[in-house]
Amino acid sequence: MAKRAYQNDFPSVTTVLSLLNNYGLNEWFKRTPYSEILEESNRGKKIGGEIHTVIQSYIENGSAKIETTDAIEVSNALKSFMLFKKENPEIVLKKSEVEKTSDRYLFNGTIDALAEVGVQTVLLDWKSGKCGIKDKPPIYDSYKTQCSAYCHLMGLERAIIVSVAKDAVAYDKYEMGGEEIKGEFEEVFLPLLRIWIHKNRNKKRKD
């Protein structure tokens, strides 16, 4: 996934959410050599970007070509996406990769996709993960916070998070309504945004 070139110095949604502490990752960091952490992190980012690219291509063009050294993972994710589409025909995909800025709260975000369910416009957010010993890839709480920020940017009150597997053909989905979106945005995202602004302000003072 390409680096965004927003025409401002505001943080992105993902930058703000990087402040969240991830217990599972911290435990993995403790027991894993740094070189392995770096290699796995870079590979994960690369595969995640490629998965987003093929799904975006399918949404916009109706087809996707897989050109990567990680063809198995990307192929599984694309097949998982197609399974999601087949089992959810009422969700009609319309637009992908929409960049927006909040003029009120001063942050940026890029929405994975917009869709229509009946007459309602819905925000869709794609994630990729591993099923491991389970039959579906995980959906973490941070995904919900991320979606709440995207919904604020688009003025939407419904979101669907879709996690596609890269080690199997499987997916999971989670739907958010207006009340949950509002709660995640006000109680989790905005406090994190204020922390980011505070830390960044102090850093500039030191520099």
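I count rings of Phe, Tyr and Trp (its six-membered ring) as a pair if their centres lie within 6.5 Å; planes under 30 degrees apart are stacked, over 60 edge-to-face, the rest tilted.

The model is predicted, so I take local features only at pLDDT of at least 70 and side-chain atom pairs only at pLDDT 80 or more, while totals for chains, interfaces and linings use all residues. Residues are numbered from 1 along each chain as its sequence is written, and side-chain values use heavy atoms, without hydrogens and water.

**Aromatic pairs.** I searched the whole structure and found 8 aromatic pairs. Phe81 and Trp126 are edge-to-face, with 5.1 Å centre to centre and 80 degrees between the planes. Phe81 sits in helix α4 (residues 71-87) and Trp126 in strand β3 (residues 120-129), so this pair ties together parts 45 residues apart in sequence. Helices (H or I, at least four residues) and strands (E, at least two) are DSSP runs, numbered from the N terminus. I find both Phe81 and Trp126 buried (under 20% relative accessible area; exposed is over 50%, partly exposed in between; 1.4 Å probe, protein chains only).

Next I looked up Tyr105 and Phe185. Their ring centres are 5.5 Å apart and their planes at 70 degrees, so I log the pair as edge-to-face. Tyr105 is in the loop between β1 (91-102) and β2 (107-117), Phe185 in helix α6 (residues 178-206), 80 residues apart. Tyr105 is partly exposed at 22% relative accessible area; Phe185 is buried at 7%.

**Charge over a ring.** I checked for NZ of Lys or CZ of Arg within 6 Å of a ring centre and within 35 degrees of the ring normal. Lys144 lies over the face of Tyr174, 4.2 Å from the ring centre.
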